[in-house]
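Colleague: I would like to learn how to read a structure such as this one, step by step. Could we start with the strands?

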Amino acid sequence: MATLEVKDLHVEVEEEQENQTREILKGVNLTMKTGEIHAIMGPNGTGKSTLSQTIMGNSAYHITKGDILLNGESIVDMPVDERARKGLFLAMQYPAEIQGVTNAEFLRAAINARRAEDDQISVMAFLKELDKNLALLDMSQEMTERYLNEGFSGGEKKRNEILQLLMIKPSFALLDEIDSGLDIDALQVVSKGVNSMRGDNFGALIITHYQRLLNYIVPDVVHVMMDGQIVKSGNADLAKKLESEGYAGLRDELGLDVSLVDDNR
Amino acid sequence: MKSAVQDYEAMKTAVEKAANEHGEPHWFVARRLAAIDAMQDLALPEVQRYDYHRWPLMDNLTLNWHRSDKTLASDIPVAKDRIRFVQVGQTTVEVDLPDELDDQGVILTDIFSAFREHPRLTEKYFMDKVTKANENKLTAYHEAFLNSGVFLYVPKGVEIKQPIEAYLIQDSTVKQPMVSHVLVIAEEDSKFSFIQHLNTKGDETNSASCMVEVLSRANSTVHFSSVDELGAHTYSFLHRRALLSRNSRFDWAIGVVNDQNTLGDFTSQLKGEGAHSESKVIAVTTGNQSNGINNRVVNIGKHTVANISQRGVLLEKSELVFNGIGDIIHGASGANAEQENRVLMMSDQAHGDANPILLIDENDVIAGHAASVGQVDQNQLYYLMSRGIDKELAQRLVIRGFLGPVLEDIPLPEVRQEMIDVIERKLEDGQHFK
């Protein structure tokens with residue numbers, strides 16, 4: 001069993017204008033184990049993506065206080081690639097496009113990055129695994145010969161993120177709004193992919209605005225984040241409650257002094 | 001002490017003697033001598049914002065004949081059913097031209113055989129229609145001291161599916177300049193692609209003067225790619241010219257990945273109405289090397305389309321200057337010229353420049369440019385690294401993506417891979433520099 005712990009995490013980013021910084025995470029605590037699916041919900045601008053990017057190691061986010069531990073070891077000073085090789089995976093909201101590098105070549109490089117020089121995956125084993133996962137995600141062979149995400153539609157990019165997840169098989173996946181921009185069919189396919197990973201050796205943190213995704217990937221734990229903190233945790237029912245009552249309802253119930261971005265719309 | 005005049009006369013006499021011993025036709029010997037005279041007063045080619053005057057590009061003013069060891073070509077991949085010309089130094093090692101092409105009148109031969117056997121074609125077209133010896137000092141030097149090269153003639157209406165490859169290998173096991181010329185004539189309605197490989201064997205310090213001239217007749221379609229991979233002790237001048245007739249299409253896809261200083265001067269002249277040219281160049285520089293590249297398109301005919309795309313990657317303490325020159329001549333109404341020049345800096349000790357230069361003397365045209373000098377895209381790097389790929393490999397993959405538009409254009413997958421491999425090697429070498 002692997003564990004991922006976030007302890008009193010404070011994170012700030014530099015504002016684009018001027019030389020100012022802004023604190024986004026204000027003391028996040030979270031403990032996950034493999035075998036569990038966690039969901040983080042919350043209104044816009046509340047720090048959900050910041051949390052996933054900070055765990056992965058995006059250099060745009062600066063930790064001012066707190067720690068992130070993977071199996072008891074602090075990872076905050078590790079570069080991104082090392083964190084990934086230790087078992088973290090981030091399915092991104094906006095995957096980069098890279099011309100000249102085929103999807104298949106990239107996947108092999110990612111798999112081999114985790115293996116010893118003298119133990120690289122064989123072409124046959126790789127293709128077998130690839131075919132299996134393509135079928136699961138209802139993706140064509142042709143997608144793997146295309147350049148990495150280049151010219152992919154929003155839905156194709158999301159599927160491709162999940163394909164990588166299935167091929168790389170991390171201990172922990174952070175899924176950042178994988179439901180955005182997906183129609184209901186694609187949502188089902190993506191969910192099927194994630195659900196196929198469920199098991200004792202896999203944990204996920206699903207970030208979403210909407211409860212809908214959680215009908216397909218039923219979480220064990222739901223966290224609600226507001227203004228840079230987790231303000232409430234519960235089981236899958238919490239997500240349903242939020243869907244009916246909204247974030248403002250929960251805020252008022254908890255007596256929080258938080259202004260929601262979309263309040264004055 | 002001998003005077004400069006005596007030295008000069010002695011040089012001319014020596015060149016004439018060497019050319020005659022070589023069995024060259026009179027017209028060409030006369031041209032050599034005229035070129036020597038012309039050399040004296042001509043200026044070096046101008047490359048804006050770039051200084052190369054101290055490079056040893058013309059320090060060897062002798063004409064010598066040397067038989068090279070054929071085994072220097074032994075690492076060329078063996079492949080069946082390829083159309084291929086292989087030359088090591090001045091020695092032609094291999095000419096593979098299928099019989100059916102020979103029957104159709106296609107000529108693929110070394111340049112001196114062409115002078116002797118096809119005088120009507122060569123006397124008229126060699127450095128006369130497309131480029132001229134008196135263009136500058138280096139072109140005059142080239143004609144005066146020419147010592148190797150290849151001639152390709154594709155007759156009217158002939159289409160060749162398989163790319164024609166020329167391996168031109170500099171023999172630097174001896175002290176001797178490479179003065180090599182590729183002359184290509186594409187007659188009306190012909191269609192083919194040509195791939196040139198430039199390599200060096202041996203460690204002597206030499207210069208290379210490598211010229212390409214392509215005459216694209218009406219309605220022809222020609223694609224020219226080159227993998228320039230000259231050695232670490234070769235100072236090179238690469239002069240490439242294409243002249244496009246009516247409704248012809250001519251494209252360059254050039255990878256400048258030499259290991260020493262390179263002066264590149266590439267021009268497409270779109271003379272015929274409706275001609276179209278895409279000029280794509282990539283360059284990777286490492287160590288202390290310096291590359292200056294002019295990529296010029298000249299719109300002369302009406303409704304001509306000429307686009308430039310250049311991408312460069314600089315490592316270590318290297319220098320790279322890309323000049324994209326769009327020249328639209330008065331009368332070229334309806335012309336279209338777009339250019340994009342981008343360089344990627346992988347080291348803060350490197351010096352890179354991407355200069356768009358537009359010279360427009362006509363109102364009814366469309367012209368545009370984009371230029372940038374930048375760093376590796378951090379988002380792309382982060383994305384690849386988030387999958388566990390280490391930083392160095394991730395950088396190389398991002399760079400390959402950056403160079404993709406030119407790599408894409410190389411017609412043979414094996415050659416594309418060859419180019420990728422050379423680039424990877426250069427990048428790896430450069431990355432180890434801290």
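Modeller: Let us begin with a term: two strands pair if DSSP finds at least two bridges between them. The helices (H or I, at least four residues) and the strands (E, at least two) are DSSP runs, numbered from the N terminus. What you see is a predicted model, in which local features need pLDDT of at least 70 and side-chain atom pairs count only at pLDDT 80 or more, while totals for chains, interfaces and linings use all residues. Residues are numbered from 1 along each chain as its sequence is written, and chains are lettered from A and ligands numbered from 1 in the order in which they are written.

Colleague: How many bridges join strand 4 of chain A to strand 5 of chain A, and in which sense do they run?

Modeller: In general, strands of a sheet pair through backbone hydrogen bonds, either parallel or antiparallel. Here strand 4 of chain A and strand 5 (residues 73-74) of chain A run antiparallel and are joined by two bridges, with A:L69 having A:S74 as its bridge partner. Two residues lie between the strands of this hairpin, and A:N71 takes a positive phi near 50°. Strand 4 (residues 61-70) of chain A is also joined to strand 1 (residues 3-14) of chain A, again antiparallel, by eight bridges; A:Y61 is the bridge partner of A:V13 there.

Colleague: What does the UniProt annotation say about chain A?

Modeller: UniProt positions are given in the numbering used here, with shortened feature names, and annotations may be inferred rather than shown by experiment. The unreviewed UniProt entry annotates residues 4-252 of chain A as "domain: ABC transporter". This span is 38% helix and 30% strand, and its end C-alpha atoms lie 31 Å apart.

Colleague: In chain B, what is the strand order of the open sheet?

Modeller: The order is 2-1-5-7-9-11-13-15-17-19, ten strands with mixed pairing. Strand 2 (91-96) and strand 19 (365-374) of chain B are the edge strands, each pairing on one side only. One parallel pair is strand 1 (residues 83-88) and strand 5 (residues 164-171) of chain B, with six bridges, and within it B:F85 has B:A166 as bridge partner.

Colleague: Which helices pack on or lie across these strands?

Modeller: A contact is counted if the C-beta atoms of two residues, placed from the backbone, lie within 7 Å. Axes are lines fitted to C-alpha atoms, for helices over the stretch in contact, and angles run from 0 to 180 degrees between N-to-C directions. Helix 8 (residues 391-407) of chain B packs on the sheet, and its direction makes about 155° with that of strand 15 of chain B. Helix 9 (residues 413-431) of chain B runs at about 30° to strand 9 of chain B.

Colleague: Where do the two chains touch, and how many residues does each give?

Modeller: Chain B gives 19 residues and chain A gives 20 residues to the contact. On the side of chain B, helix 8 of chain B supplies the largest share, nine residues.

Colleague: Which residues have the most contacts inside the largest nonpolar core?

Modeller: A nonpolar core is a set of buried Ala, Val, Leu, Ile, Met, Phe, Trp, Tyr and Cys residues joined through C-beta atoms within 7 Å, where buried means that 20 or more other C-beta atoms, placed from the backbone, lie within 10 Å of a residue's own. The largest core has 195 residues, and A:A91, A:L174 and B:V214 have the most contacts inside it. Helix 8 of chain B gives the most to this core, with eight residues.

Technical notes. A residue is buried if 20 or more other C-beta atoms lie within 10 Å of its own, exposed if 12 or fewer, and partly exposed in between; C-beta atoms are placed from the backbone.
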